[in-house]
Amino acid sequence: MSGTGRRQDEVRRMLEARPQPRVPAGLAARAAERGGRLLRRRRALRRLGLLALIAGVAVFTVWAVVAQPWQAPPAGTTPPLEGW
């Protein structure tokens, strides 16, 4: 008999020797309710994050169109004129 088979037999003997604990009534219903609540919360947070990302991209786009940071700023003074 392999080591895995011996371990499985030992676990089966241990489980048969002890009385199994009682499961509280309504445990499955409470677990399903909690799981649903966690899924709804996770979905809401994901949507909120996506909305914040879209809003950030929109704000950045409007700023870039208005400020046009890729253009050089106009010179405040003219360069000195020498050599005339």
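Helices (H or I, at least four residues) and strands (E, at least two) are DSSP runs, numbered from the N terminus. The structure described here is a predicted model, in which local features need pLDDT of at least 70 and side-chain atom pairs count only at pLDDT 80 or more, while totals for chains, interfaces and linings use all residues. Residues are numbered from 1 along each chain as its sequence is written, and side-chain values use heavy atoms, with hydrogens and water left out.

The protein contains two helices and zero strands. Its radius of gyration is 35 Å, well over the 12 Å that the globule rule gives for 84 residues, so the protein is more spread out than a compact globule. The radius is taken over C-alpha atoms, and the globule rule is 2.2 Å times the number of residues to the power 0.38. Along the principal axes, the C-alpha atoms fill a box of roughly 110 × 40 × 15 Å.

Burial was assigned from relative accessible area (buried under 20%, exposed over 50%, partly exposed in between; 1.4 Å probe, protein chains only). Of the 84 residues, 2% count as buried. The accessible surface of the protein comes to about 8400 Å². Carbon and sulfur atoms account for 64% of that surface. Areas come from the Shrake-Rupley method with a 1.4 Å probe; for residues, only the protein chains shown count as cover.

Helix H1 spans residues 3-17. Helix H2 spans residues 27-67. H2 has 41 residues and reaches 59 Å from its first C-alpha to its last. This is close to the 60 Å expected at 1.5 Å a residue. The expected span is 1.5 Å times one less than the number of residues in the helix. Glutamine 68 follows H2 and has a positive phi, near 45°. Glutamine 68 is partly exposed, at 31% relative accessibility.

Side chains of opposite charge can pair when their charged atoms come close. A salt bridge was counted where a side-chain nitrogen of Lys or Arg lies within 4 Å of a carboxyl oxygen of Asp or Glu. A search of the whole structure finds two salt bridges. One joins aspartate 9 to arginine 12, with the closest N and O atoms 3.6 Å apart. Both residues lie in H1, three residues apart, about one turn of the helix. Aspartate 9 is partly exposed at 26% relative accessibility. Arginine 12 is also partly exposed, at 49%. The other bridge links the side chains of glutamate 33 and arginine 37, at 3.6 Å from N to O. These two residues are four apart in H2, and are therefore separated by about one helical turn. Arginine 37 counts as partly exposed, with 37% relative accessibility.

A pair of aromatic rings is described by the distance of the centres and the angle of the planes. Rings of Phe, Tyr and Trp (its six-membered ring) were paired if their centres lie within 6.5 Å; planes under 30 degrees apart count as stacked, over 60 as edge-to-face and the rest as tilted. The search of the whole structure finds one aromatic pair. The ring centres of phenylalanine 60 and tryptophan 63 are 5.8 Å apart and the planes stand at 40°, so the pair is tilted. Both residues lie in H2, three residues apart, about one turn of the helix. Phenylalanine 60 is exposed, at 52% relative accessibility. Tryptophan 63 is partly exposed, at 46%.

Patches were built from residues with over 30% relative accessible area and no salt bridge, joining like charges within 9 Å and nonpolar side chains (Val, Leu, Ile, Met, Phe, Trp, Tyr) within 5 Å. Leu50, Leu53, Ile54 and Val57 make a nonpolar surface patch of about 390 Å². Leucine 53 lies in H2 and is exposed at 54% relative accessibility.

Valine 59, in H2, is exposed at 60% relative accessibility. From valine 59 to glutamate 33, the C-alpha separation is 39 Å across 26 residues of sequence. Valine 62, also in H2, is exposed at 53%. The C-alpha atoms of valine 62 and glycine 83 are separated by 45 Å, with the two residues 21 apart along the chain.
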